[in-house]
Amino acid sequence: MTEPIPTTAPASDATQPMSPEEFAELASAIEREVGTFIVGQQQLVRQTLISLLAGSHALLEGVPGLGKTMLVRTMSEALDLGFSRIQFTPDLMPADIVGTNIIVEEGGERRFRFQQGPIFSNLVLADEINRATPKTQSALLEAMQEHRVTVAKQQYTLSEPFFVLATQNPLEMEGTYPLPEAQLDRFFFKIDVPFPSEEDLVRIMDRTTGGAQPSVGKAATGAQVLAMQQLARDVPIASHVMAYAIRILRGTHPDTERVPEIVRSFVRYGASPRGAQAIVLGAKIHALLDGRFNVAYADVQAVAAPALRHRIILNFEGEAEGIGTDSVVRAIIGETPTEPAE
Amino acid sequence: MTDRLVVEAVGERLGTDALARLRSLRRRLWWRRAVRSGLVALAAAAVGAALVQLLARAFPLESAPWLQASLVTVVATAWLGLIIRARPTLVEAARRADEELDLRQRLGTALELARRETDDPLEARQLADARVRLHAVDLRRAFRPSLARRPLAIAGVGLAMTLLLVAWPNPQDSVIDQRRAARDAAERVAEEVEEIADEIGEENVDNPDPRREELERQLRELARQLREEGADREATLARIGSVQEALARMTDPRAAERDAALTQLARATSRAAADDEDANAEGDPEEAARDLEELGERAGSMTADEAAARADALRQAAQASAASQPAASRALAEAAEALDRAARSGSQEDREAAQEALDRAADAVREAAGDRRLQRDVARSQSALQDGARQVARAGQPTGSSGQPGASGQPGASGQPGGQPGSSGQPGGQPGSSGQPGGQPGSSGQPGGQPGGQPGGQPGGQPGGQPGSQPGPGSQPGSGGGTNVRRIPSGGLRTGGFDGPTQGNQGFDVDGDHGVLSDFDRIGRPGDPDFVAGGDGSGGTDQSGSGSGVGFDNDAVVPYRSVFDLFHDYAQASLDRQQVPITLKDLVRDYFSRLEPTE
């Protein structure tokens, strides 16, 4: 019989209410600490932080060598949270992620004992997630969704905060298993990792080829992250701003009236309601990071692309024409009025 | 939630100061909307006015100014309505301020939160933040009205077009003037026609005559049509023409003869019936009828000789008018026979028969009088319609600079012989009064037969002492021509502006008894104390009209022949070109054939 073991305890059971000023200060500290190691990429850092503070997960897409792993590792160091990394390969099994029961001998008895997998951590880097088989991917995605794992009919709750950062390489398609749309939908944001600018590249060379190695300080604890997550959800959003977010979401659906031509022509399916949830929650956090206590249209627009780009499914023509979902989102934002025209 | 509740909530949770600033924002937003919509309204009105002006150039749009005024009124009213409807609510003003003043939806969110009753600290912070931001707003720079280029340009182009089109002479104005003049003329004609209809109606009350009722009805119908559709000159003339045709059918060509005969019959009848030579000097048929009725009443009491004498007189009266008033004459003759028979037999039965015959004769005379009234009404109506048609035809036409004078009217035919002093023929050619077409054809129409004997004692001491007691035999009618050409430019007739005669020369009659000749008053007689005998005159001096009367502005004296041909050709062409009743065509042809120069 498998012995139940205590689940990973949360970082803090009782989170203290946090003020917006503290929130902004902590977020700024996190970004600052991450910035000591990650050169440039402010948008990448900001969107990753929003995903974290939303209590959800992010999918980072970029060519190798852009610092995706480094970013997650640095963030874990800055947040004083547990960190684990899973390198996805075709032969990776679900048990390699969630853990497995092993036979141990205690007191002359043999019994099964659950051996936690790397998923039992606060910050999990799922590197090159599209290289694992769908079965393995599903194991991870279930844990991401439920914040718990089930092994041999026994459930194990993951500790909070629980944040998965998955990466995938858009170039190497051979021997990969692209994530199905339904599983992509579970990522709060899909964040594009851009190639650094020339200036940033110079600074990267300076930092990585010199003798001095920057160190990352602890900017926030897990409890503080949980408090930040709680505060983010309390940010008020006016009904007309909410309606604007909904209009943006509906704009991704080609069968909706008055959608941009690019949507009508190249989109097969629009984003699910999870997309609107991601927009609203991301906009709230964006507002707090901006020092405001309410959500603005600008917040919605700022988070619309990472929230929707992986939730919009292009049709064949769109794929053939090389239409990017970012351009679709831009068109929707451009053609969706915020207020009635004067 | 109504604006009032929002106001209350905002006042309570954001403070009255914030509320006042929000209201200020709302006013400024409202004003900007009014300016914007006003520009659009101005552009619409200007373009509309320009379009109306353009239409007024393509079509004779008489109501163009009213249309433009109506358009402007409608647009202004719509604009006012739009302004009232465009009054923003506080929420609208707040959201618009968020959008344009970079407040990042602070005010809109705050107004929404203000309406909730929550104690959330983050919401309280949001309200405070919104209040602070609102106070930092520079209200003077908020919602500044801007003049949108497109409506401004459209309004400018529209106004410029309108002004240009207004200043530029419109060729349709003359058409409109003509229509207006035609309508006015038609209105005047309608009034005249109605006056005649009223008079006919009043006169027809006592002695109802269905024919006069029909005439009255036709005239009223014509008046109504003229009032309703008087702007169309051709149609008006056609209507008048059709009524004239109907009147022509009602006209008795021998009406004048019958009229005179009836007068004579009435006079003779009264004299015969009353045995009084001075009775009924006016020849009133009604009086004659009454005399006959009285004679019938007295028939029983008259002696046989007296009755025979009356019967004989009546018979003579009947015979005298038998040709022109056959019915009345016949009835009168029968009455005379009956009276004669009664006188001879002396029987009561014959006397009663005589009385009945006399009553029938009275009725016949009255009936003849009714015919005469009808003919007079018809004649009066025809005259009015002829005058009306002339007015309508002339309405709106460019008027001639001056009327053609009587153009050298032929001398009044030589005050012939007698060398009677002062017997000069009347100068022909009354100068046509200015603008009057068809000026009297030089009084040449006056028969030359002016009594040659103008009294020698003309005031002013005209010599010619013969009292001229004998009328000069100058009985030949003058043949003065006259012309009614409005303008005869030197060097030939213009064809462009010439509309032909609208009133030809009038015919003339020489009436021995009732004509234009009348006795003159003698001023002096031989034997009078102040009588100065004059010497023999040297004969009449033919005088010719000088043609230099008022309105004679050309130096051309047009030969009658050429003028006649011109008029005749024009009339012929008009008859061929237009729909003219056959009877009127005949009338015109007959008219010109009578005017045909005989040389």
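**Nonpolar cores, chain contact and backbone geometry**

In this predicted model, Ile279(A) is in contact with Ala245(A), Ile248(A), Leu249(A), Val300(A), Val303(A), Ala304(A) and Ala307(A), residues up to four places away in sequence being left out of the count. Together with Ala245(A) and Val300(A), Ile279(A) touches the most other members of the largest nonpolar core, which comprises 105 residues. Helix H11 of chain A, spanning residues 273-289, supplies the largest share of this core, with 10 residues. Because domain 1 (2-222) and domain 2 (235-335) of chain A both give residues to it, the core lies between these two domains. Another core, of 37 residues, lies apart from it and includes Ala273(B), Leu292(B), Ala311(B) and Ala333(B).

The contact between the chains takes 18 residues from chain A and 17 residues from chain B. On the side of chain B that touches chain A, the elements giving two or more residues are helix H4 (90-100), helix H5 (106-114) and helix H6 (121-136). This side of chain B is made up of 11 charged, 4 polar and 2 nonpolar residues.

Most residues other than glycine have a negative phi, and most peptide bonds are trans. In chain A, a cis peptide bond, with omega about -5 degrees, joins Glu160(A) and Pro161(A), and Pro161(A) is found in the loop between strand S8 (154-157) and strand S9 (163-168). Gln41(A), in the loop between helix H1 (20-37) and helix H2 (42-53) of chain A, has a positive phi near 50 degrees, and counts as buried because it has 23 C-beta neighbours inside 10 Å. Asp275(B) likewise has a positive phi, of about 55 degrees, and lies in the loop between helix H11 (255-274) and helix H12 (285-298) of chain B; with 14 C-beta neighbours inside 10 Å, Asp275(B) counts as partly exposed.

Definitions and conventions. Residues numbered from 1 in each chain as written. Chains lettered and ligands numbered in written order. Predicted model: local features only at pLDDT ≥ 70, side-chain atom pairs only at ≥ 80, totals over all residues. Core = buried A, V, L, I, M, F, W, Y, C linked by C-beta atoms within 7 Å. Buried ≥ 20, exposed ≤ 12 C-beta atoms within 10 Å, placed from the backbone. Helix = DSSP H or I, 4+ residues; strand = E, 2+ residues; numbered from the N terminus. Domains from an automatic or database assignment. Contact = placed C-beta atoms within 7 Å. Nonpolar A, V, L, I, M, F, W, Y, C, P; charged D, E, K, R; others polar.
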